[in-house]
Amino acid sequence: MQACMASGWSFSAPVLVTLLVCLGVILLAHWVTRQRDFPGRDSFILLHLASLWWMVAAALEMTFLSADCKMFWASMAWPGIISTPTFWAVFLWQYVNSMRAPMARSSILGLSLVPLLVWGLALSNPGHGLFYGAGSAPVDASLGAPVRYEHGPLFYATAVYVYLFMAFCMGIVIRAAALSQGLHRGHYLAFVLVTAVPWVANIGYVAFGWTLFGFDPTPFSFAFTLVAFSWLIVGVRLFDLLPVARHLLLEALLDPVLVIDPRGRVIEANPAALKLAGLQSGWQGTELGQWPVFGADLQQLLQAHNGTEQDLPLTLTSAARYYEVRVRAIRRATRHGPTLLGHMLYIRDVTQRHLSELKLAEALALSEERLRTISSLHEQLREQALCDPLTGLYNRRYLDEFFERELARAQRENLPLALALIDLDHFKRLNDDCGHLVGDDVLKAVAQHLLDNLRSTDAVFRIGGEEFLLILPGVDPHEASERLQSICAQLAARDVATRGGDQRVTLSAGLAHWPEQGQALDELLQVADAALYQAKRDGRNRVCGLLADADLSHPSRQAALRGDSG
Ligand SMILES: Nc1nc2c(ncn2[C@@H]2O[C@H](COP(=O)(O)OP(=O)(O)OP(=O)(O)O)[C@@H](O)[C@H]2O)c(=O)[nH]1
């Protein structure tokens with residue numbers, strides 16, 4: 001060094017530029033050392049130290065005037081020249097894969113072996129001449145003229161090594177840019193540019209003899225790299241914004257989040273997850289099943305729903321809480337298709353919602369029960385409104401509705417319909433002789449007697465004190481008369497049990513027929529009433545119908561049966 005100083009030196013503008021870039025690199029490396037969450041931080045610092053070494057050696061090569069000194073400093077630059085692409089590649093690999101773990105010392109040493117070897121070979125070049133050829137000499141005779149190097153086989157072997165790393169660097173960032181989108185893609189493309197410029201300069205120098213101030217332009221191109229990095233860091237907050245934002249988001253989440261690797265070990269957990277498990281440290285790498293509070297349940301749940309990406313319900317009986325677990329597979333696109341890196345488990349506390357749902361279900365069941373009671377009461381009320389309380393038979397109120405329905409059916413199906421008005425004989429006398437309560441018992445017994453003689457389609461109504469009405473759908477006059485005669489005769493033939501002892505009662509009935517004797521209920525009732533009157537007049541205990549045989553072929557019956565009665 002002293003010999004070089006003695007042989008003369010000059011401090012030129014290119015040297016100043018190079019030193020300024022060195023200062024910038026030092027500041028940048030210093031800034032990076034203070035960053036907490038910076039993927040590939042160590043390799044980034046090593047990369048800048050290597051380029052700093054290279055630039056300082058290049059500045060000294062430019063500063064000293066003698067050709068020997070220049071060649072010495074050119075040889076001194078080699079550890080930096082080789083280390084720069086080496087750590088570039090490592091940095092890009094770590095950055096792209098978000099690796100934050102510090103680099104192992106053995107890895108740094110391993111990666112430094114080739115730069116040290118090349119350094120030794122370059123320094124020992126005067127002994128073997130395999131790195132720089134004997135033809136290496138100043139470009140002209142002027143004092144301090146740059147040296148033009150004749151490159152030997154070792155130089156080219158070294159160049160191949162360096163270019164392999166360069167190609168690897170380019171491959172990493174181009175692939176990352178192709179696989180990412182939006183802002184991320186922009187960042188990776190910026191990396192491509194930053195990576196490309198120094199190496200274009202270097203290839204230009206080695207292959208085409210490009211020079212800047214008469215020297216290798218590569219170290220000067222780091223000025224561009226410095227500016228580009230400063231812009232990426234300050235302008236778009238490349239290194240701190242995204243990871244920090246993601247980290248903050250995870251930290252701030254109130255819901256527990258876990259990341260597990262394909263072997264089921266927990267490799268990331270946010271504070272909410274640690275709080276739920278009651279853990280503080282030493283949990284990284286623990287099997288999910290070993291996690292306190294929810295690990296075993298969660299693992300069982302995941303095994304039961306292997307491969308599904310849906311919300312799985314998780315009930316922690318021990319903690320009396322309810323969760324919903326969302327499982328998302330984390331995959332990376334590779335040349336051979338997606339590779340599973342692990343799973344992210346997002347655990348949502350849904351206890352409140354679950355309890356509300358339970359309460360709601362209870363309330364719903366209760367109101368359904370009440371609704372059922374109300375409808376049954378409603379039904380009972382309706383029954384009561386339509387039924388006679390003494391006999392349980394339908395009353396007059398239901399008669400209109402029933403008759404209308406049966407009339408429509410008779411018209412639709414071309415079937416006859418018979419009505420029978422029934423009145424107990426001398427009922428007043430029975431009441432007077434035996435009492436009103438005995439009269440009630442007789443009414444109930446007669447009602448039951450009528451019910452016992454009905455078919456499923458018939459209906460019987462109590463329409464007055466001791467007056468009943470039978471409606472017999474599909475029954476023609478002949479059959480109606482026969483059935484009523486039978487009812488009448490059977491009643492007359494038996495005793496009716498009452499609280500005042502057995503009683504004998506008879507009934508009289510008047511028949512009316514649709515459509516021969518009327519179309520509407522009132523008309524038919526009038527006809528039946530007249531027939532009943534006739535039966536009473538004829539001596540009671542009998543059935544009377546006013547329909548003459550000729551009426552059966554009456555045009556009104558034919559028209560009604562055809563359905564054009566209205
Ligand atoms: N026990 C009892 N009697 C009733 C009830 N409703 C009406 N009656 C009685 O039924 C009797 C009806 O008598 P009437 O209309 O004169 O007829 P009847 O004595 O049967 O004579 P005929 O019809 O001509 O044979 C009256 O005495 C009423 O008080 C009731 O719910 N219970």
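Colleague: Why are helices H4 and H6 called roughly antiparallel to each other?

Modeller: In this predicted model, the axes of H4 (residues 67-76) and H6 (residues 105-123) cross at roughly 165° and come within 8 Å, where axes are lines fitted to C-alpha atoms, for helices over the stretch in contact, and angles run from 0 to 180 degrees between N-to-C directions. Angles over 145 degrees count as roughly antiparallel, and H4 and H6 are therefore given that name. Residues are numbered from 1 along each chain as its sequence is written. Local features need pLDDT of at least 70 and side-chain atom pairs count only at pLDDT 80 or more, while totals for chains, interfaces and linings use all residues, and side-chain values use heavy atoms, with hydrogens and water left out.

Colleague: Which residues of H4 and H6 meet?

Modeller: Phe72, Ser75 and Met76 in H4 meet Trp119, Ala122 and Leu123 in H6, contact being heavy atoms within 4.5 Å. By class, this contact has five nonpolar residues, one polar and no charged ones.

Colleague: What makes E9 and E12 the edge strands of the open sheet?

Modeller: The sheet has five strands in the order E9-E10-E8-E11-E12 with mixed pairing, and both E9 (459-462) and E12 (543-545) pair on one side only. Two strands pair if DSSP finds at least two bridges between them, and E9 with E10 (residues 467-473) has four, in the antiparallel sense.

Colleague: Where does pLDDT stay under 50?

Modeller: That stretch is residues 560-566, pLDDT being the predictor's confidence in each residue, from 0 to 100. Where pLDDT is low, the predicted coordinates should not be read in detail.

Definitions and conventions:
Helix = DSSP H or I, 4+ residues; strand = E, 2+ residues; numbered from the N terminus. Parallel < 35°, antiparallel > 145°, perpendicular 65-115°, else oblique. Nonpolar A, V, L, I, M, F, W, Y, C, P; charged D, E, K, R; others polar.
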